[in-house]
Amino acid sequence: MSQEENITQSLVSQFGFLEGNIRITRPRRIFLETSLENFPKVFAHAVKELKFNHLCTITGFDELDKLAFMYHLAQESGVLLNLKTSVSKDNPTINTVMPLFPGAEIYERELVDLFGAKVNGLPLGNRYPLTDDWPKDQYPLRKDWKPSQLDEKEGHTHA
Amino acid sequence: MHNSDRFKIPLGPQHPALKEPEGFSIALMGEKIMGLDIRLGYNHRGIEKACEERNYLQALYLVERVCGICSHAHATCFIQAVEEIAGVQLPRRAQYIRTLIAELERIHSHLLWLGVAGHEIGFDTLLMYTWRDREIVMDLLALVTGNRVNYGMNTIGGVRRDISPEDIAEILKGVDILEERTKYYIEVATQETSIIQRLSGVGVLTKEEVLRLDAVGPTGRASGVSRDVRRDDPYAAYGEIKFNVITDDHCDVYGRTVVRVKELMESYSIIRQCLKNLPEGPLTVKVPRKIPAGEAISRYEAPRGEDVHYVKSNGGEKPERVKIRAPTLANIQAVKQMLKDRYLADMPIVVAAIDPCFSCTDRVISIAEPKKDNRVISWETLRNYGIDWYTAHGIDFTELNNKFRKKLERV
């Protein structure tokens, strides 16, 4: 059995609900989706037991009425586990992963600025990457956001 | 001590000592750094959003411009993800050419870094030497790709230019010279007392801290963390090539210097292997006109460390989502740790030691003569213009030049 299949099997035996939600897309690439409720335990298991101890980054998604987040975790073996979870846009609150990855701070700030996510447990600090005077409730990586919105807010007119 | 003894000074985002905009707020007690606050984002150009408004090929040219130095790194990292979604198997010759350009780029980046490091510690001779030698690799890149930066070598399913036998001969010649020069730099870096004393114990980042903060590239490897995407998660031709992952246990700026100069030697070896085993065959493979729905994540060992690109396709003309994480973002967080309890004077070299990305400027190719129409002038005319200018200002090298000429003739 390949190392990817081993990892998949270990995850499914630990968390039955993952059955059918894990895809191996090619050698060293595993994608899996889980509900926000189950996410913390799957994430912690992957990091602590399966030794996915490097967080490459976090990718945010705007999926109509939901915001989704994919955590790209790497193992020393080169295998990447891409863990995705989603939350309703009405209250897009997730918990920080900083207790396990202090370096995640800047990736989570990006989710706050660009997607309008709320991250519980993120310490006070400088925002990233938008400017301090960026208009409230404008999240540039949301699908409905257009650069023209910013111009309107700032009172720019196009000739 | 009471808090009021601390003095807060802002450095940046616009500051003569910084090569790109980033803001530091430094809490000092005397000259000692007690706390550091970093503000980034001044260079945020909305490239991820812009990619969603372009087709895949246009996005490729855009991501190549994420960074002036690592342009091939970003372009390759992105296109690998797109090719994976399209289910395309790259021709082997294209994989080898991508690898070749990647290593030439690493050489140009590392030599540039060594010069900047020299400059930041007031050792400008090293800057002059390394940047002079760097021109060799810049010329090779220009010869092979037509450009010094932003090479435009990649396309979906392969590379756009071939390597001719004449190019191969030139590259091998250039690499021989660079290797000789690098041996000298290894000597300088490991034996020159002023370098060793200035860099040792500065900007310390322990192995545990690297693992905790997820630092990448030479910054991590200089703290004994053997991580290199080329070996761990091979792409392009790296799976077929032998090389060593250089690590060092000094955990400071000195270690980061040693790692980079030694990595240069590995790059020469990789280039020679690429050219020796360069497979025959086509440069591109046919790619379906539409990229099917799917997602892929691609990693690439850029000169500064792990570069990450995630691409999602919905089956349409344009990507649904493009996510880019450049290595500097992973490393900048370690800078806080490195500067704790250090002196303000260490700041420039410690920040420079993670090799934050800043853009290369283009070179001048046409020179407007004063009061005349724009025209391209030859090297000889330019040289004579310089000699005349200095002579008119009372500086005459004729005698000295004649002396040197005679000396050279005797040899």
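## A threonine in chain B

Thr219(B) sits in helix α9 of chain B, which covers residues 217-221 (helices are DSSP runs of H or I with at least four residues, strands are runs of E with at least two, and both are numbered from the N terminus). This is a predicted model, where local features need pLDDT of at least 70, side-chain atom pairs count only at pLDDT 80 or more, and totals for chains, interfaces and linings use all residues. Residues are numbered from 1 along each chain as its sequence is written, while chains are lettered from A in the order in which they are written.

Is Thr219(B) buried or exposed? Thr219(B) counts as buried because 29 other C-beta atoms lie within 10 Å (the cut-offs are 20 or more for buried and 12 or fewer for exposed, partly exposed being in between, with C-beta atoms placed from the backbone).

Beyond its neighbours within four places in sequence, Thr219(B) is in contact with Arg256(B), Gly305(B), Asn331(B), Ala334(B) and Ile354(B); contact takes C-beta atoms, placed from the backbone, within 7 Å. Thr219(B) and Ile354(B) are 135 residues apart in sequence, yet their C-alpha atoms are 5.8 Å apart.

## Where the chains touch

Across the two chains, 26 residues of chain B are in contact with 27 residues of chain A. Elements of chain B that each supply at least two residues to this side include β3 (32-39), α8 (207-213) and α12 (327-339).

## Chain A

Chain A has 4 helices and 7 strands, in the order α-β-β-α-β-β-β-β-α-β-α from the N terminus. Of its 159 residues, 40% are buried.
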